[in-house]
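This report walks through a single protein chain for a reader who is new to structures. Please keep the sequence and the model in view while reading.

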Amino acid sequence: MLASAPSTFAFHWDTTTTFPKQFSTGGSLDDASFRIVDANGSGDAVVVWNNPYNAPLGILYQNYTAGQGWSSTHTAFAATNTAIFVITPNAFDVSMNAKGDYIIAGLSAVGTYSSFSFKLLADLVINGSKVSDDFLLNTNVSSCNTAMSGNGDALVAYAGTGSLLARIYSANSWQPEFILAPAFSSYDTAADEFGNFIVVWNVGSAIYARRYAGGSWLSQEFVGQSEGAATDRGPCVGMYG
């Protein structure tokens with residue numbers, strides 16, 4: 001969960017349904033899987049969740065605006081084939097900056113039940129207007145992670161076919177796809193207020209990072225070695241400024 005002070009957002013885990021439920025008052029969110037919330041310092045927030053069972057099907061979201069309350073439910077990405085809309089961790093992500101701009105990225109299944117893949121789409125809202133609507137980032141993806149900079153630039157990192165990939169939104173357009181690493185396991189992203197980003201990932205016990213600064217990707221950097229079990233090696237990252 002992501003939030004900033006002051007914030008009224010709190011969630012508890014419902015062990016009977018394995019779904020998170022909203023703990024604080026307000027909103028009209030029903031039970032749904034893998035909710036993600038992000039908020040800014042003004043109390044604005046956006047909540048995104050996967051709704052695979054009941055209409056409307058797909059990845060949905062609601063905005064919370066301080067002093068106004070919750071918006072109606074919006075569909076970010078509709079399920080293109082409901083029979084294969086699989087509930088999967090890291091199938092979508094959301095990030096919001098201090099100005100209330102936010103990016104939502106998510107997977108949508110295409111194909112048939114016996115042979116399908118997930119395409120990756122992105123919605124980007126800046127100054128209250130959607131500047132990127134269902135933008136197709138890649139056609140074969142298994143997970144994604146987002147970061148939203150304070151200057152309106154955005155990053156989506158994602159697991160492609162055997163590679164860790166990324167795309168940057170800057171200067172009012174999406175940049176070409178960039179290969180971060182040919183092999184990886186877990187990964188995470190972060191942004192500052194000035195259009196700089198960082199992605200971290202692990203290959204076995206080794207932790208690596210790659211920074212985006214001054215409008216270009218810098219060289220890969222070795223960060224350290226994990227001595228824990230394989231399940232504990234997933235790195236996380238934060239960025240200040």
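Strand 17 and strand 18 (residues 197–203) run antiparallel and are joined by five bridges. Strands here are DSSP runs of type E with at least two residues, helices are runs of H or I with at least four residues, and both are numbered from the N terminus; two strands pair if DSSP finds at least two bridges between them. Within this pairing, Asp188 has Val200 of strand 18 as its bridge partner. The two strands form a hairpin with five residues between them, and Gly195 in the turn has a positive phi of about 85°.

Is strand 17 mostly covered or mostly open? Strand 17, which spans residues 187–191, is mostly covered, since five of its five residues are buried, where buried means under 20% relative accessible area, exposed means over 50% and partly exposed lies in between, with a 1.4 Å probe and protein chains only. In a regular strand, side chains alternate between the two faces of the sheet. In strand 17, Tyr187, Thr189 and Ala191 point one way while Asp188 and Ala190 point the other way, and all are buried.

## The model and the whole chain

The model is predicted, and local features need pLDDT of at least 70, side-chain atom pairs count only at pLDDT 80 or more, and totals for chains, interfaces and linings use all residues. Residues are numbered from 1 along each chain as its sequence is written, and side-chain values use heavy atoms, with hydrogens and water left out.

The protein chain has zero helices and 21 strands, and 48% of its 241 residues count as buried. Its accessible surface, computed by the Shrake-Rupley method with a 1.4 Å probe, comes to about 11,200 Å², of which 52% belongs to carbon and sulfur atoms. Among the contacts (heavy atoms within 4.5 Å) with a separation of 6 or more, 42% come from residues 24 or more positions apart.

## Nonpolar cores

A nonpolar core is a set of buried Ala, Val, Leu, Ile, Met, Phe, Trp, Tyr and Cys residues joined through side-chain atoms within 4.5 Å. The largest core has 19 residues, and those with the most contacts inside it include Ile103, Leu120, Leu124, Cys144 and Trp174. Strands 9 (102–112), 10 (115–126), 12 (143–148), 13 (154–159) and 14 (164–170) are the elements that give two or more residues to this core, and the largest share, five residues, comes from strand 10. Apart from this core lies another one of 16 residues, among them Leu155, Ala157, Leu164 and Trp217.

Leu124 shows what such contacts look like for one residue: not counting residues up to four places away in sequence, Leu124 touches, among others, Tyr102, Ile103, Val131, Met148 and Tyr169. Cys144 counts as buried at 3% relative accessibility, whereas Cys236 is exposed with a relative accessible area of 70%. The structure holds zero disulfides, a disulfide being a pair of cysteine sulfur atoms within 2.5 Å.

## Aromatic pairs

The structure holds 10 aromatic pairs. Rings of Phe, Tyr and Trp (its six-membered ring) pair if their centres lie within 6.5 Å, and planes under 30 degrees apart count as stacked, over 60 as edge-to-face and the rest as tilted. Phe178 and Trp217 form a stacked pair, with 5.3 Å centre to centre and 10° between the planes. Phe178 lies in strand 16 (residues 178–181) and Trp217 in strand 20 (residues 216–217), so this pair ties together parts that are 39 residues apart in sequence. Phe178 is partly exposed, with a relative accessible area of 24%, while Trp217 counts as buried at 15%.

Phe197 and Tyr212 form a tilted pair, with 6.1 Å centre to centre and 55° between the planes. Because Phe197 lies in strand 18 and Tyr212 in strand 19 (residues 206–213), the pair ties together parts that are 15 residues apart in sequence. Both Phe197 and Tyr212 are buried, and ring pairs link Phe178, Phe197, Tyr212 and Trp217 into a cluster.

## Exposed loop residues

Ala171 is found in the loop between strand 14 and strand 15 (173–174), and Asn172 lies in the loop between strand 14 and strand 15. Although Ala171 is not a glycine, it has a positive phi of about 55°; Asn172, not a glycine either, has a positive phi of about 70°. Ala171 is exposed, with a relative accessible area of 67%, and Asn172 counts as exposed at 69%.
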